[in-house]
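Work through the exercises below with the sequence and the coordinates at hand, and try each task before reading its solution.

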Amino acid sequence: MSEKTIAVLTSGGDAPGMNAAIRAVVRAGITSGLNVMGVKRGYNGLLSGKLGEDILGMKLRSVSDIIHRGGTMLYTARSPEFNTPEGVQKAADNCRKLGIDGVVVIGGDGSFRGARDLTGAGIPCIGIPGTIDNDIASSEYTIGFDTAMNTAVEMIDRLRDTTESHDRCSVVEVMGRRCGDLALQTGIAVGATTILVPEVPYDFQEMIIDRMRFTQQAGKKHFIILVAEGVDRDVSEFAREIEAQTGIETRATVLGHVQRGGSPTLRDRVVASEMGYRAVELLTAGKSNRVVVMRDSKIIDLDITEALAMKRTFNKELYDIAHKISI
Ligand code: F6P
């Protein structure tokens, strides 16, 4: 595939480690004899098609000093225009005009659906899972998850100091969209009394009030209740209800977008680097409509359409363990 051109873009919510993946794609592409272009702001950059403005020629040194940086040097966006048949056609036409023979898309399931559609319009695409949510069924790991968990743990450790000093309860919301993985892992690591996730129905009285009373009788005076954002109730509502029923002063904290920033952890840098390299390998081997995923701790590739049809499983066993020991 010498003298061919590939492009790389990041799409959807940013995630720490995306830069490491971009770096790997650019370096692996160039050292394999390909031209590599960086597309800005996800599929919007392909829709604009402006060379030198939204689509940049990448050199080996274009990706220097980014492996340790959060965010994405190519910027990112969600693109409503691309999500139409006309948008996909326009992006594919622009790729042909620019001589782009293949695209590496770093993002979540929505970005993979775009990659599948663009492949269908004649531009071979390879997906790499990049999202802090860990909500991609086909991959047991997504780039950014480790950093986001560690950031959440650091923030909640700080909250714990003040919660403890005042004998209070803190109800904390973490991100994750409809996926409870971030809440589960973080909740275990901070010793949360209760973890609520969208995958497991809960009874407020039993899961929060009764557990708080039980641990109070065993001498506990401060409490962390961890709530995934996909749970049906607002953390402020939970806080009001807990205070009313227990008499314990309660505060609500939404961690929000701090979880999406910051320098990627070693794990995110390494996984992103390997996935980026594998994506280029697939394109040079003439493959398309594939997604690079982690399964049984190995980096492999799957058909995007099959990957998108997979159903996520939640680690209920670990969830039950968390509640048995945080008492
Ligand atoms: O998918 C990543 C994520 O941070 C989710 O956890 C969250 O629900 C969403 O994106 C927030 O999106 P936005 O950045 O558009 O507010």
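**Exercise 1. Determine how much area is buried between domain 1 and domain 2, and which residues of domain 1 contribute most.**

Solution. The area buried between domain 1 and domain 2, meaning the accessible area (1.4 Å probe) that two parts lose on being put together, summed over both, is about 880 Å², and carbon and sulfur atoms give 47% of it. On the side of domain 1, Asp14, Ile132 and Asp133 lose the most area to domain 2, together accounting for 50% of what that side buries.

The model is a predicted one, in which local features need pLDDT of at least 70 and side-chain atom pairs count only at pLDDT 80 or more, whereas totals for chains, interfaces and linings use all residues. Residues are numbered from 1 along each chain as its sequence is written, and side-chain values use heavy atoms, with hydrogens and water left out.

**Exercise 2. Identify the residues around the ligand and the distances from their polar side-chain atoms to its oxygen atoms.**

Solution. First list the residues with a heavy atom within 4 Å of the ligand; they are Arg78, Thr131, Ile132, Asp133, Met175, Gly176, Arg177, Glu229, His257 and Arg260. This shell draws at least three residues from each of domain 1 and domain 2.

Then turn to the distances: a polar side-chain atom of Asp133 lies 2.6 Å from an oxygen atom of the ligand, an N or O atom in the side chain of Glu229 is 2.5 Å from a ligand oxygen atom, and for a polar side-chain atom of His257 the distance is 3.0 Å. Finally, the ligand taken alone exposes 400 Å², of which the protein buries 75%, with accessible areas coming from the Shrake-Rupley method with a 1.4 Å probe.

Technical notes: Polar contact = N/O pair within 3.5 Å; in protein donor to acceptor, adjacent residues only side chain to side chain. Domains from an automatic or database assignment.
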